[in-house]
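Please keep the sequence and the structure in view while reading.

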Amino acid sequence: MQHSPTRYLNPSEAARRLGVSAKALRLYEQRGLVEPDRNAAGWRAYGPAEMARAAEIVALRALGFSLAQVERVLGGNAQGLEQALAAHQAALESQLHQLARTVEKVRGLRGGVAQGQVPTVSELAGLLAPAAEIRVAFDLPWPWGGERFELRDIRPLNYIIGPLGSGKTRLAQRLAAELPNAVLLGLDRLADGGAAARSRIDDDPALKSRVEQTMAWLVEDGAAPSDALLTLLAGLEAQGPDALVVDMIEQGLDQPTQEALIARLRQRGADARPIFMLTRSSAILDLAAVGPNEAIIFCPANHSPPTLVAPYLGAPGYEAVATCLASPDVRARTAGVVAWRPEPVAAP
């Protein structure tokens, strides 16, 4: 009996099978976690052994492990696993609490049915919705013409993107004002070099512990500590707000830091509080890596109402979103550029 030859996959095929981006596979390779073979032409090729290894890495990343922790686990070293497992336990317990609330809803509806009370369609549909589903609707401010804007299915990660002068900052400010118990992390967070953030962290031991743990995770994943990152984490790790709106989340962060940060945010889970991020960085909004818990809100240049854009080639608005993105080094060179429209000159 003749066996079929081993099937080798190129990086795109391997990434698709694993449910990650090709960029993630390259990062695993750069960190020495997986070593793909090379075909006769010199291109990377993933065989069964490499795919099995990559699948283990993806599984550990899904548990919330940093790349450094993944490396230690694969090497048989348990250092640092307690914190990662504790974070995963907390996420599971959060899901259990949500399930418990849903069970209580079902129990209540069953009790009503036993007494002859027919539940409404809304009550039945509510069994499938998150316990604290957030929706928002409002009339759009200038530069729009007062059109109605509504978001029903708000995801844990929401990107706000658009060309210069499209109104995305005004949209973000309005979202922060309209979303229940939301906080806006504006660019003024960087004004004092992080002094206010450090003071807030020092005054709150619980916040300090969360920021230090997250900072350590990010550094292990390749991030560079900085005032900009510390200030951002002080806002992201603060407890209390039900939603966060972050203006230009990549501000002051280099590419490895941006990539580590978005990887961390993606691991929060489907029930995490929503974050709305203004961005123009392709490291933050990697269109090939957008998952089911993420949404892209695009503000067109012609001031048509903002729309949701699906993250796949050919979807309405996809090309326009792609043209707004730039690599972190380009973003750093254009960070201070603002949209400017000359005033009309009066006729003599």
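In which loop does Met 248 lie? Met 248 is found in the loop between β7 (243-246) and α11, where helices (H or I, at least four residues) and strands (E, at least two) are DSSP runs numbered from the N terminus.

## Basis of the model

The model is predicted, and local features need pLDDT of at least 70, while side-chain atom pairs count only at pLDDT 80 or more and totals for chains, interfaces and linings use all residues. Residues are numbered from 1 along each chain as its sequence is written, and side-chain values use heavy atoms, with hydrogens and water left out.

## Overall architecture

The protein chain has 13 helices and 10 strands, and its C-alpha atoms fill a box of roughly 85 × 75 × 50 Å along the principal axes. Of the 348 residues in the protein chain, 39% are buried, where buried means under 20% relative accessible area, exposed over 50% and partly exposed in between (1.4 Å probe, protein chains only). Among contacts (heavy atoms within 4.5 Å) between residues at least 6 apart in sequence, 68% join residues at least 24 apart.

The protein chain exposes about 19000 Å², of which carbon and sulfur atoms supply 55%; accessible areas come from the Shrake-Rupley method with a 1.4 Å probe, and for residues only the protein chains shown count as cover.

## Backbone exceptions

Most residues other than glycine have a negative phi, and most peptide bonds are trans. Met 248, although not a glycine, has a positive phi near 45°, and at 11% relative accessibility Met 248 counts as buried. Asn 181 likewise has a positive phi, of about 50°, without being a glycine; Asn 181 sits in the loop between α7 (168-178) and β6 (182-185), and is partly exposed, with a relative accessible area of 44%.

A cis peptide bond, with omega about 15°, joins Trp 142 and Pro 143. Pro 143 belongs to the loop between β3 (136-139) and β4 (148-151).

## The second largest pocket

About 1000 Å³ of space lies in the second largest pocket, and its lining consists of 37 residues, of which Val 20, Ala 24, Ala 263, Arg 266 and Ala 289 lie nearest its centre. The elements that give two or more residues to this lining are α2 (22-30), α3 (48-62) and α11 (255-266), and the largest share, 7 residues, comes from α11.

On a 1 Å grid over the protein atoms alone, a pocket is an open set of points where a 1.4 Å probe fits, with protein on both sides within 12 Å along at least five of seven lines, and lining residues have an atom within 4 Å of a point. Grid points are joined across faces, edges and corners, and a volume is the space filled by probe spheres set on the points.

## Two alanines

Ala 283 lies in the loop between β8 (275-278) and β9 (294-298) and counts as buried at 5% relative accessibility. Leaving aside residues up to four places away in sequence, Ala 283 touches Lys 23, Gln 255, Gln 258, Glu 259, Ile 262 and Pro 328. Ala 283 and Leu 261 are 22 residues apart in sequence and 9.7 Å apart in space, C-alpha to C-alpha.

Ala 206 lies in helix α9 (residues 205-220) and, at 42% relative accessibility, counts as partly exposed. Between Ala 206 and Ala 238 there are 9.2 Å in space, C-alpha to C-alpha, the two being 32 residues apart in sequence.
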